[in-house]
Amino acid sequence: MDALTALHSRVSVSRLTDPAPDQQALDNMFRAAMRAPDHGLLRPWRFLVLRESGRERLAELFVQASLLDEPDLAPQKVDKIRSKPLRAPMIIVGICSPKDHPKVPVFEQQLAAGAAIDNLLIAAHAQHIGAMWRTGPMASHATVTHGLGLEKQESILGFVYLGTPDGPIRPLTQEDFTPYIQDW
Ligand SMILES: Cc1cc2nc3c(=O)[nH]c(=O)nc-3n(C[C@H](O)[C@H](O)[C@H](O)COP(=O)(O)O)c2cc1C
């Protein structure tokens, strides 16, 4: 798929199944992530790749975090929370890992890390891999961030769910971009 086709047609895929992306596809995605615009070339990102046991451990962190917030959570709700990270065969946790820099504020480093995640999504799509960027309250919950080994200054920007699309991909309608553009 050429670059413009990939950019014009990327779509989130929420229903994902096996197989997970193979190593070559993953390498292509990370190479794309590394090409994100990056003020100062600080590489203010890192990624955790969660496969079978990683997703299960993440599920337990989600449960622990939710029970800490709401100790009386109904068992059905606990099961639902536990099932969330198991919705796809692979999750990549996109982390902003800002560096101290006199000219590059954390905000810009978060933008760069977000761009790296978007490059990763587009590279997944270009290889016919289904992907969806998710966050939710678990992304900023201390139980989850500590459990995943984040440092104090780091933050989770997204859980990227990855796999093979399970069913048809949502058809896209051409969106009119002109309302978002002005000559000035
Ligand atoms: C930072 C960020 C966090 C997101 N978190 C969620 C989320 O937790 N749940 C969700 O359903 N969509 C989330 N989305 C949106 C989806 O990834 C997706 O972009 C949206 O559903 C639109 O679909 P499309 O990507 O096919 O246009 C998030 C997007 C971004 C950029």
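Which helix does His8 lie in? That would be α1, residues 3–9, where helices (H or I, at least four residues) and strands (E, at least two) are DSSP runs numbered from the N terminus. A quick note before the views: residues are numbered from 1 along each chain as its sequence is written. The model is predicted, with local features needing pLDDT of at least 70, side-chain atom pairs counting only at pLDDT 80 or more, and totals for chains, interfaces and linings using all residues.

**View A. His8 and its surroundings.** His8 counts as exposed because it has 10 C-beta neighbours inside 10 Å; the cut-offs are 12 or fewer for exposed, 20 or more for buried, and partly exposed in between, with C-beta atoms placed from the backbone. C-alpha to C-alpha, His8 sits 11 Å from Ala126, though 118 residues separate the pair in sequence.

**View C. Tyr161 close up.** Leaving aside neighbours within four places in sequence, its contacts (C-beta atoms within 7 Å) include Leu16, Ile91 and Met132.

**View D. Around the ligand.** Val11, Ser12, Trp133 and Gly158 are among the residues surrounding the ligand, each with its C-beta atom within 6 Å. β4 gives the largest share of this shell, 3 residues.

Technical notes
Two residues are in contact if their C-beta atoms, placed from the backbone, lie within 7 Å.
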